[in-house]
Amino acid sequence: PDQGCCGCPDIAAMLKRPRELSVDSNLNGQPPSTLEEGVLGLAPLASFWEAAQEAMSKVDEAVKQVFGNEAWVLPYGSLVQGLALECSDLDLCVEVPGDPGCNHDESSGKQGNSAQVSLLKRLMEKLVTTGKFQVMETRFWNHMKVPIIIMRFTSSQGQGVETDISVGVDFDGVRKGLTDRVIRRLLAYSPRALHLARLVKLWARATRLNKAYDGFLNCLGWTLLVLHFFIEKGELSSDIVNLEEPDELGKGGDNSLLPPALHDSADPEAKLLEVPSQEDIAEFFEWVPKTVANWPDDPPAGAWGISIVEGMLAEVPPPEKKFHDTCRFYLEDPGPKVTKGVHENVARSLKAGPWKTTLDRCKGVSYKLRAQSPLDASAWFAGLLQQIKADAEAAKAAANAAANATSNAAAKQHITQTPGFGVQRSWAATALNARPGAVVPKASIPRCAGMQGSGTASAASGQRTWASVSQSAVGELTGRPAAKRAKAGVPCNWFLKGQCWDGDKCPKLHSVD
């Protein structure tokens, strides 16, 4: 998923494959005139929202056809938050009442994920038959608590939307997407926070500072930092966390619809006034390292963490395991805190080295934005877009190369597979398909090049020559023929069929005379 959410394991975000990113959005492919115009242009076009809604409706329709009318679909992630970019994916989870695959609790991990995988496979087969969905990737590994399928949906207007589907709307007693809805509640009160969060997400992605797998802070963590920044400034209140936003469960409260875009005013001049200034953006990047530098000492048997639920630093449990590169930085996940009053650290994968790199980058951005002219700031933003575009092209090329390699490997496997009835085996194929630990017999060698002997295959029959067989099975050309032991007077029927596996060790005659 594009954004982490409460209850989702880190591995899903860590292993997230690069997407085919688009950076055109509302900019129509043109570089922004000002930094503020560029930030405003990060909001997805109406066609993206329409395509995402169409994808969700198609998935819901397929879910009901496969599992019955009681089954339903719940969206979560950046589209629920209101922070989607044009390249964001659509995150959906499927609930099938009574199905064991939808039981996600602390003990379900010990039982494996086979029930979830079985449910997803049934749904995937149905979606493929619609002609609208193409399977991009499946993550069904045994160690994954929440397996997912990643599909590409093509709308009726030709718009593509990556759609990630998992099973179960609850995880450890917390409703999926609750963290996203809490974020939406705060962003609904502050368009400035919305636009700054979009920019910070873009910057972290372009500079590759958002990968939890590499020890950096994930996208959800950056969003929570932006919200806490505005709470400290007094532009937001933590009291808003408990005030439901009217459309957070779907437009107009209809859960068959996606939540609509936030602050989507028709007046472009009014929207432009809601974008943080160059100075505001520099202030945020300056605030991050200052906050870390002023982090207080841990209380006895505890630690400190940023909590947007409480609107301040709150005392939290210390990490269960500490390593030499463990960070003290803590960002509380609001979902589990609101639901169960428990503390979970969104920044639990953060490592000391990557975090120092991140803080240094923040200082550099702050310095540049304060020193640069508006034109230079616009060029800095355009550079972020170009970096993401370059990464997208590299990811697409890598995906194509991987697809070609898979295709070639499949072709080779087809050639060397054990042949079916009526197909003769070559000695090379026998060597390639030998069981682990089994000794592959050497091919017997003819007395002279013009004779046919044990296992010989002629060019006319389409089989391999002795030289190539010896080279494949033994590793190098054998040179002069080896002396053969005496054979019994009984001809080998398997040799006559070209399928004897014993070579020189065969007690029967290998001769066509």
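A contact here means heavy atoms within 4.5 Å. This is a predicted model, in which local features need pLDDT of at least 70 and side-chain atom pairs count only at pLDDT 80 or more, while totals for chains, interfaces and linings use all residues. Residues are numbered from 1 along each chain as its sequence is written, and side-chain values use heavy atoms, with hydrogens and water left out.

Select the whole chain. Of the contacts between residues at least 6 apart in sequence, 66% join residues at least 24 apart. The chain has 16 helices and 9 strands; these are DSSP runs numbered from the N terminus (helices: H or I, at least four residues; strands: E, at least two). Of its 513 residues, 46% count as buried, that is, under 20% relative accessible area with a 1.4 Å probe and protein chains only, against over 50% for exposed and in between for partly exposed.

Next, select residues 46-67, which form helix 3. Its 22 residues should span 32 Å at 1.5 Å a residue, and its end C-alpha atoms are 32 Å apart, which agrees; the expected span is 1.5 Å times one less than the number of residues. The buried residues of helix 3 include Phe48, Trp49, Met56 and Phe67.

Now select glycine 68, in the loop between helix 3 and strand 1 (72-76). Just after helix 3, glycine 68 takes a positive phi of about 105°. Is glycine 68 buried or partly exposed? Glycine 68 counts as partly exposed because its relative accessibility is 26%.

Glycine 68 and proline 97 are 29 residues apart in sequence, and their C-alpha atoms are 9.7 Å apart in space.
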